[in-house]
Amino acid sequence: VDAQNMEGFFVTHLPELTAELKQYDKVNDGFVKLEQLYTAVKTCYGTAVEEKEIAAYAKPYITDGSCNYFELLDAVSKAADNDDKILAEILNMISLSAESKVSLHKFRVALSKLRPMQSCQDILKKTGGKMSVEEFKKKFSDASKKARPATKIIEEDGRDAESKASVKAIICPSVLSSDFAKLGAECQNMINLGADWLHMDVMDGHFVPNLTIGAPVIAAVRKYTKACLDCHLMVSDPEQWIGDFAKAGADTFCFHLEAVSDPDDMIEKIKAKGMKPGIALKPDTPVEKVFPYCDKLHHVLVMTVEPGFGGQSFMWWTMPKVAALRVKFPALGIQVDGGVKTHTINACALAGANLIVSGSGIFKAEKPGDVISIMRKSVESRQPDA
């Protein structure tokens, strides 16, 4: 648990922590013993957190084996207020109208600096996943009042463009949302309607709870199309499947950073089998962790829902991660996956995504071809030279 995650935990569990700590403070002087602080945190967080991590975060409030938890919780309360303000500012940014004349690079630099501390699931619980500025204002009025408008954020936190690189819009319908009884026809239809790639979600029932498809399905689909088969492996041991997927006809092989110990080795093995390597990040994985590998990658996938669960709301608060990647790697393929539909595509495109995965948003639409066109135009209209 790093310092930011620890603070995020304290922010999220402020009411429970307050109650736990108060029960130890019999004289109400604002102090508890260190052992009592550790016990309270572990009661709320779980035993996996180490005492040294708790002590490191609470260090400014510890003296002679005791912790001034009044001051600690006051600092946490202020951090919580600021975190809600950050969420309000992210929403202000990604809700910017298409008519607004702003520098894309300045916009993305500014957006990349807005990083909430709380976990994505905790934010989902508190916001309900709503993506409306007006609804957010009603629920978090104080934070919304303190939040800067998008133009002010860009003015204060943006900087001039360092690159004019444009990236191609690639629309990737997620085959998991297709009718598997006529899989070949469904895939061919998507390509005929204008899709570029076919996104294949591979889940092993271990890394994520669901169990989906494997290499035999990839091989079956390959018989029906020459289109790029974009394989996203949500599996515990991706290295095990490199050879099978290459043989089946996979074009890209995207593994989760959280599932491997040596990403460099994985990248080289994927390339050796003639596939293009990608790395996927869960919503809570810091984007900086993938930076050392980006120059060797074909693309990075930023999950905008928790992998393995269907029907989730689009996590718009992950857009600063997309922006950070686009700012640092202007020509990189940046993919988004989860809850991407016609009402969320503009946020993805604004942040800098160009590889757009959509399952039910395309397959379940009344006119899938129109949705593919809308998504493509959204990405194309948000290029430096557009």
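Colleague: What should I keep in mind about numbering and confidence?

Modeller: The model is predicted, so local features need pLDDT of at least 70 and side-chain atom pairs count only at pLDDT 80 or more, while totals for chains, interfaces and linings use all residues. Residues are numbered from 1 along each chain as its sequence is written, and side-chain values use heavy atoms, with hydrogens and water left out.

Colleague: At what angle do the axes of α5 and α6 cross?

Modeller: Helices (DSSP runs of H or I, at least four residues) and strands (E, at least two) are numbered from the N terminus, and axes are lines fitted to C-alpha atoms, for helices over the stretch in contact, with angles from 0 to 180 degrees between N-to-C directions. Here the axes of α5 (residues 69-94) and α6 (residues 104-112) come within 10 Å and cross at roughly 160 degrees. That makes α5 roughly antiparallel to α6, a word used for angles over 145 degrees.

Colleague: Which residues of α5 and α6 meet?

Modeller: Taking contact as heavy atoms within 4.5 Å, Ile90, Met93 and Ile94 of α5 meet Phe107, Ala110 and Leu111 of α6. The residues of this contact divide into six nonpolar, no polar and no charged, where Ala, Val, Leu, Ile, Met, Phe, Trp, Tyr, Cys and Pro count as nonpolar, Asp, Glu, Lys and Arg as charged, and the others, Gly among them, as polar.

Colleague: Which residues of α4 are buried?

Modeller: An α-helix has 3.6 residues a turn, so residues three or four places apart point the same way. Buried means under 20% relative accessible area, exposed over 50% and partly exposed in between, with a 1.4 Å probe and protein chains only. In α4 (residues 51-58), Glu53, Ile54, Tyr57 and Ala58 are buried; seen down the axis, they fall within an arc of 125 degrees (taken from the directions from the helix axis to the C-beta atoms), so they line one face of the helix. The face turned away from that buried side carries the exposed residues Lys52 and Ala56.

Colleague: How many residues of α15 are buried?

Modeller: In α15 (residues 319-328), nine of the 10 residues are buried, so the helix is largely enclosed by the rest of the structure. Its cover includes α5, α6, β8, β9, β10 and α16.

Colleague: Where do Asn28 and Asp64 lie?

Modeller: Asn28, whose phi is near 55 degrees, lies in the loop between α2 and β1 and is exposed, with a relative accessible area of 54%. Asp64, with a positive phi of about 50 degrees although it is not a glycine, lies in the loop between β2 and β3 and is exposed at 78%.

Key: Angles under 35 degrees count as roughly parallel, over 145 as roughly antiparallel, 65 to 115 as roughly perpendicular and the rest as oblique.
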